[in-house]
Amino acid sequence: MDFLANLAIPAVILFIVLSAYLKGVPVFDTFIEGAKEGAKTAFEILPVMVGILAAVSMLNASGLFDVLTSLIKGPLALIGIPAEIIPILLIRPFSGSASLGLFTEQIKLYGADSYLGRTLSTIISSSETVLYTLAVYFGGTPVKDTRHAVAAALISSYAGMLTAIYICRIL
Amino acid sequence: MLNFLWVIMIFAAVAAGLLMGRVKEISDALLASCGNAVNLSITMLGSMCLWSGLMRVAEKAGLVDGLARLLKGVFRFLFQGIPKGHPANGAIAMSLSADLLGLGNAATPLGIMAMKELSHVNGDAPRASNAMVMFAVVNAACIQLIPATVLIIRQQAGSSNPTSIMPAVWIASAVSLVSGIVAAKLMEKRRERL
């Protein structure tokens, strides 16, 4: 499976370039033309990244997540959510690197094949850094009003994470 | 919404930092984050160039249109109001395919480009269209068949069976995707009536 996973990207690239060449497309010139536009978009997104990462890093350093965890531990235990899972539930929508770091630490602590280890793995695999994704995706456009995007994406994210917590009890 | 969230995040961080006596940590992290953002952007600059270029090649070869035709049914339901034959169709198809295949590095640049095309359809207005919101939500739901990074971390953490989580991942992802689509659909109707 490792081999197949590694093969995916080179195979896709070869397929695209080869079929274009066989159809008479000037492949390299066309590639450069598209790549220039990509470079422009990436620069437009840089300021968005600085803004989001700055706010997220402040949140991570402030210790707010520790305070919140101890506050909501009791109520969440009533609906079957273990206290050990709470930090990842709070951090996941905000910061990809922080949640991946926390996950790597926790899985060693609790054991990869324990209930907690499997639940944490499932949560990380089935959810995305919602806030960052939205900011970056809208960052390349002139959109100021994202309407219900944040709300719907957060609902989707937490529905997935809660499912992970319950499904790992059975599977 | 991002305006509001940004203020809340910064306010909460400073307030919590004062209470917990972690003001120095906050200002250190803030400075470091600017460098991190630039590093991330430079990494992304490379993959944006690569995948935008390949995307253009695939377009010229007619591959993108083929993919878009294959996914036509999904499109008509999820992303309404995109004219037939508009480049947005192809861009969305490429980005969602990259997501499914787990080509993480390709999915983000392709997604950003698809969002740009959707914005053109929307007349580059400052207010997001229903299709743009739906596309953002579907992407944030993270449809991924093989979570490669997590499997590697599990293996390193000494799991005897790293892939045992796969069925759970698929179920949780499906629930996340469906509830995101339903939530977005419900909210777009309510907003339109107002």
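How much area do domain 1 of chain B and domain 2 of chain B bury between them? In this predicted model, the two domains bury about 550 Å² between them, and 64% of that area lies on carbon and sulfur atoms. On the domain 1 side, Leu78(B), Asp99(B) and Leu100(B) lose the most area to domain 2 of chain B, together accounting for 62% of what that side buries. The domain assignment places residues 30-125 of chain B in domain 1 and residues 141-194 in domain 2. The contact draws 6 residues from domain 1 of chain B and 6 residues from domain 2 of chain B. The C-alpha centres of these domains lie 20 Å apart. The number of salt bridges between domain 1 and domain 2 of chain B is 0.

Chain B as a whole contains 9 helices and 0 strands, so that its pattern along the sequence reads α-α-α-α-α-α-α-α-α. The C-alpha atoms of chain B fill a box of roughly 60 × 50 × 35 Å along the principal axes. Of the 194 residues in chain B, 47% count as buried. Among the contacts in chain B with a separation of 6 or more, 59% are between residues 24 or more positions apart. The accessible surface of chain B amounts to about 9,400 Å², with 66% of it belonging to carbon and sulfur atoms.

The interface between the chains was examined next. The size of an interface is often given as the accessible area lost when the parts come together. For chain A and chain B, the area buried between them is about 7,900 Å², of which 76% is on carbon and sulfur atoms. In chain A, the residues that lose the most area to chain B are Met58(A), Tyr137(A) and Arg147(A), together 11% of what that side buries. The contact involves 93 residues of chain A and 93 residues of chain B. Across the interface of chain A and chain B there are 6 salt bridges. A salt bridge also joins Arg56(B) to Glu37(A), with the closest N and O atoms 2.8 Å apart.

On chain A, a nonpolar surface patch of about 480 Å² is made by Leu14(A), Leu18(A), Tyr21(A) and Leu22(A). One of these residues, Leu14(A), is found in helix α1 of chain A, which covers residues 2-22. Leu14(A) has a relative accessible area of 54% and is therefore exposed, as the cut-off for exposed residues is over 50%.

Technical notes. Residues are numbered from 1 along each chain as its sequence is written. Chains are lettered from A and ligands numbered from 1 in the order in which they are written. This is a predicted model: local features need pLDDT of at least 70, side-chain atom pairs count only at pLDDT 80 or more; totals for chains, interfaces and linings use all residues. Side-chain values use heavy atoms; hydrogens and water are left out. Patches are made of residues with over 30% relative accessible area and no salt bridge: like charges are joined within 9 Å, nonpolar side chains (Val, Leu, Ile, Met, Phe, Trp, Tyr) within 5 Å. Accessible areas come from the Shrake-Rupley method with a 1.4 Å probe; for residues, only the protein chains shown count as cover. A salt bridge is a side-chain nitrogen of Lys or Arg within 4 Å of a carboxyl oxygen of Asp or Glu. Helices (H or I, at least four residues) and strands (E, at least two) are DSSP runs, numbered from the N terminus. Buried means under 20% relative accessible area, exposed over 50%, partly exposed in between (1.4 Å probe, protein chains only). Domain bounds come from an automatic or database domain assignment. Contact means heavy atoms within 4.5 Å. Buried area is the accessible area (1.4 Å probe) that two parts lose on being put together, summed over both.
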